[in-house]
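User: Could you take a close look at a single residue here, after first setting out the chain around it? I would like the cut-offs stated along with the terms.

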Amino acid sequence: MAIGATLMVIGVGCFVFYFMPKVFSVVFMVGAVCFATMQMIQVSSGDGKNIAIRRLKGIMIAADICFILAGLLMLENSYKVLYQYLSWETWLKYCWNNWVVVLLIAAILELYTSHRISNELKKNN
């Protein structure tokens, strides 16, 4: 999970500063898939008993999906696969740099859920 998070940070940092964006969009996508996969299979104590933790795990899965969607939009920004099938206005509206918004939503959800899950686990123990 830490390797995936590191790849995500490196990928975004290099993509933002336009240092080999085609390569680092792939690096971000690999990191996002690794991070999301490890987080989805991670089991914490008290998952089945506490409804708040189960709800927060669901929100965390939504954040993982947003990370992967941000990676897909970043890849689209680099390789422009859908550009040939959409009009310029449609592509500009739905694809161009919208990965930033999705990544921000995912980061906020991730921050919220990780903080709340740790508080719930402390409260249970």
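Analyst: Of the contacts in the protein chain that join residues at least 6 apart in sequence, 69% link residues at least 24 apart, a contact being heavy atoms within 4.5 Å. This is a predicted model, in which local features need pLDDT of at least 70 and side-chain atom pairs count only at pLDDT 80 or more, while totals for chains, interfaces and linings use all residues. Residues are numbered from 1 along each chain as its sequence is written, and side-chain values use heavy atoms, with hydrogens and water left out.

The protein chain has five helices and zero strands (DSSP runs, H or I of at least four residues for helices and E of at least two for strands, numbered from the N terminus), and its C-alpha trace spans about 55 × 25 × 20 Å along the principal axes. Of its 125 residues, 37% are buried, that is, under 20% relative accessible area with a 1.4 Å probe and protein chains only.

Ser-78 counts as buried because its relative accessibility is 11%. Leaving aside residues up to four places away in sequence, Ser-78 touches Phe-15, Pro-21, Lys-22 and Ser-25. With Pro-21 there is also a polar pairing, since the backbone oxygen of Pro-21 lies 3.4 Å from a polar atom of the Ser-78 side chain; a polar contact is a pair of N or O atoms within 3.5 Å, where, within protein, one must be able to donate a hydrogen and the other to accept it, and residues adjacent in sequence count only if both atoms are side-chain atoms.

Definitions and conventions. Buried < 20%, exposed > 50% of the residue type's maximum accessible area, 1.4 Å probe, protein only.
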